[in-house]
Amino acid sequence: MDAAPPQRPADGLKGVLMPVVVVLVIGSIFVSVYLAAFHAPEPHNLPVAVVGTAQQTRQAADGLERGIPGGFEVKRYADESAARHAVQDRTVYAAYVTGADCSPELLYAGANGPSVTSTVSSAFSAVARTSGRTLVEKDVVPAADGDTRSMSVFYAAFGLVLAGFLFGMMTYQMAPRLEFRWRVTSLASFSVLGGVIMALLTGSLGFGALPGPFLGITGLVALMGAAVGSATMAIMRLFGRAGLPLASVILLTLGNSTSGGTLPAAYLPGWLRPLSEILPVGVGVRAIQGLSHFDNDGLVQGIAILAGWTMLCAGLVFWLDFPARRPTATARHA
C-alpha cells in the first residue's frame with residue numbers, strides 16, 4: 001500500500017499563523033515573478049532574418065540595435081523563400097526582405113501574437129524609414145479565426161496545469177493508502193480524458209482556437225497532464241504537507257509565467273528563460289503551438305521532455321513506496 005507521509009494537524013499559535021505566512025509567501029512569489037516577467041517586456045536576442053547583401057544586413061542589424069539594444073539576433077538568409085520558411089517553422093520570428101528597386105517587406109507570423117507582431121513591426125519600420133522607404137508587411141502564419149490574439153494556448157495550458165496540480169494533490173488527500181498501480185491508473189485516466197476534453201474545447205468542434213490535428217493535440221495535452229500530475233504527486237510524496245505550496249510555486253507560478261503562451265521565452269528575464277525549456281508547461285505549449293502553426297516546431301523535444309518528467313516522477317513515487325510495501329511482503333512470506 002502507498003504510505004503517504006503522516007499529517008499532523010497544526011494548532012494554537014502555529015495553526016493561526018501558518019496559513020497566513022504560507023499564503024502570503026506564495027502570493028508574494030506569484031506577484032514578483034509575473035511582474036518581473038511582464039511589467040515591461042522587451043525581447044532579448046529574438047531571432048529575426050534579413051534577406052539582402054552583407055551591407056544591407058549590417059545596416060538593418062545596426063538599426064535594430066539602436067532601437068532595442070540587445071533585442072534581436074539577426075540572421076542573414078539567401079532569398080525570400082528561405083526566410084519565409086524560417087518564419088513558418090519559427091526558426092526566426094520575422095524576416096526583413098530588402099531590395100534595390102522596391103519597398104522592403106516584413107514577413108511575420110500573426111500566430112505569435114500581437115505583442116511579437118508589434119515589436120517586429122515597430123523595429124523594422126524604423127529601419128525602413130532610415131532608407132526613406134515604407135515597409136510592406138505580410139502575415140505568412142496568421143492566427144486561427146477562433147484565436148485572434150493567440151492567447152488560447154496559454155489559457156488552455158493554465159487550466160490544464162491547474163487541473164494536474166489539483167489531481168496530484170487530491171489523489172493523496174482522498175486516497176492516501178491507494179496502491180501504486182491504481183494511483184498510476186488514476187493518473188492515466190485523468191491525462192487521457194483531459195487531453196480529449198481539451199482537444200474538443202480548443203479544436204474545430206469547440207472554439208476553433210487550435211487548428212492542430214485532434215489526435216495530436218489530445219496526445220500532447222495528455223502528456224502535459226501526466227507530467228504535471230505526476231510531478232505534483234512526487235513532490236507531495238517527498239515533502240508531505242509542505243509539498244503543496246512548493247508544487248504550486250514550481251508548476252503554477254514558475255511554470256505558467258515561463259510557458260511562452262503570452263510572450264516567447266526571448267522576452268523573459270535571463271533568470272527565468274531557462275525554465276521555459278525544462279518545465280512541463282513551457283515545452284508543452286511550444287509543442288502545441290508548433291503542431292498547430294509552425295511546422296511541428298518543438299514537437300519532438302516536447303514529447304521527450306514531457307515523457308521524461310512523467311517517467312521520472314512516477315518512478316520516484318514507486319521507489320518511495322517500495323520500502324513501505326517491503327515489510328508487509330516479508331511478513332506475509334513469513
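Predicted model: local features only at pLDDT ≥ 70, side-chain atom pairs only at ≥ 80, totals over all residues.
1. The model contains an open sheet of five strands, whose order is 2-1-3-4-5 and whose pairing is mixed. Strand 2 (72-77) and strand 5 stand at the edges with a single partner strand each, so one side of each is left without a neighbour in the sheet. If the direction of the strands is ignored, neighbouring strands of this sheet are turned against each other by 25° on average.

2. **How the strands pair.** Strands of a sheet are held to one another by backbone hydrogen bonds, and the pairing can be either parallel or antiparallel. Strand 3 and strand 4 pair in the antiparallel sense over four bridges, and it is in strand 4 that Tyr108 is found, standing opposite Ala94. Strand 4 (residues 105-108) and strand 5 (residues 136-139), by contrast, run parallel and are joined by four bridges. In this second pairing, Leu107 has Lys138 of strand 5 as its bridge partner.

3. Which helix belongs to the β-α-β unit with strand 4 and strand 5? The unit is made with helix 4 (residues 114-130), and it is right-handed.

4. Helix 2 (residues 54-67) lies across strand 1 (46-51), strand 2 and strand 3, and runs at about 165° to strand 2. Helix 3 lies across strand 1, strand 2, strand 3 and strand 4, and its angle to strand 4 is about 30°.

5. **The largest nonpolar core.** In soluble globular proteins, nonpolar side chains tend to be buried together. The largest nonpolar core of this model has 39 residues, and the members that touch the most others are Met224 and Ile288. Two or more residues come from each of helix 5 (152-174), helix 6 (180-202), helix 7 (214-239), helix 8 (243-257), helix 9 (280-292) and helix 10 (299-333). Helix 7 gives the most to this core, with 11 residues. Leaving aside residues up to four places away in sequence, Met224 touches Ala157, Leu160, Pro280, Val281, Gly284, Val285, Ile288 and Leu306.

6. **Salt bridges around Asp297.** The model has six salt bridges. One of them joins Arg90 to Asp297, with the closest N and O atoms 3.0 Å apart. Arg90 lies in the loop between helix 3 (80-88) and strand 3 (94-97), while Asp297 lies in the loop between helix 9 and helix 10, so the pair ties together parts that are 207 residues apart in sequence. Are these two partners buried or exposed? Arg90 counts as buried because its relative accessibility is 6%, where buried means under 20%, and Asp297 is buried as well, with a relative accessible area of 14%.

7. Arg286 counts as partly exposed, at 30% relative accessibility. Through shared partners, the salt bridges join Arg90, Arg286 and Asp297 into one network.

8. **Another salt bridge.** Arg181 forms a salt bridge with Glu179, in which the closest N and O atoms are 3.0 Å apart. Arg181 is exposed, with a relative accessible area of 53%, whereas Glu179 counts as partly exposed, at 30% relative accessibility.

9. Thr253 is found in helix 8 and counts as buried, at 3% relative accessibility. What does Thr253 touch, not counting residues up to four places away in sequence? The residues are Ile29, Phe30, Val33, Tyr34 and Ser248. Met236 lies in helix 7 and is buried too, with a relative accessible area of 10%. Met236 and Ile29 are 207 residues apart in sequence, and their C-alpha atoms are 20 Å apart in space.

Notes
Residues numbered from 1 in each chain as written. Heavy atoms only, no water. Core = buried A, V, L, I, M, F, W, Y, C linked by side-chain atoms within 4.5 Å. Buried < 20%, exposed > 50% of the residue type's maximum accessible area, 1.4 Å probe, protein only. Contact = heavy atoms within 4.5 Å. Salt bridge = Lys/Arg side-chain N within 4 Å of Asp/Glu carboxyl O. Pairing = 2+ DSSP bridges. Right-handed = clockwise from strand over helix to strand, strands pointing away. Axes fitted to C-alpha atoms, helices over the stretch in contact; angles between N-to-C directions.
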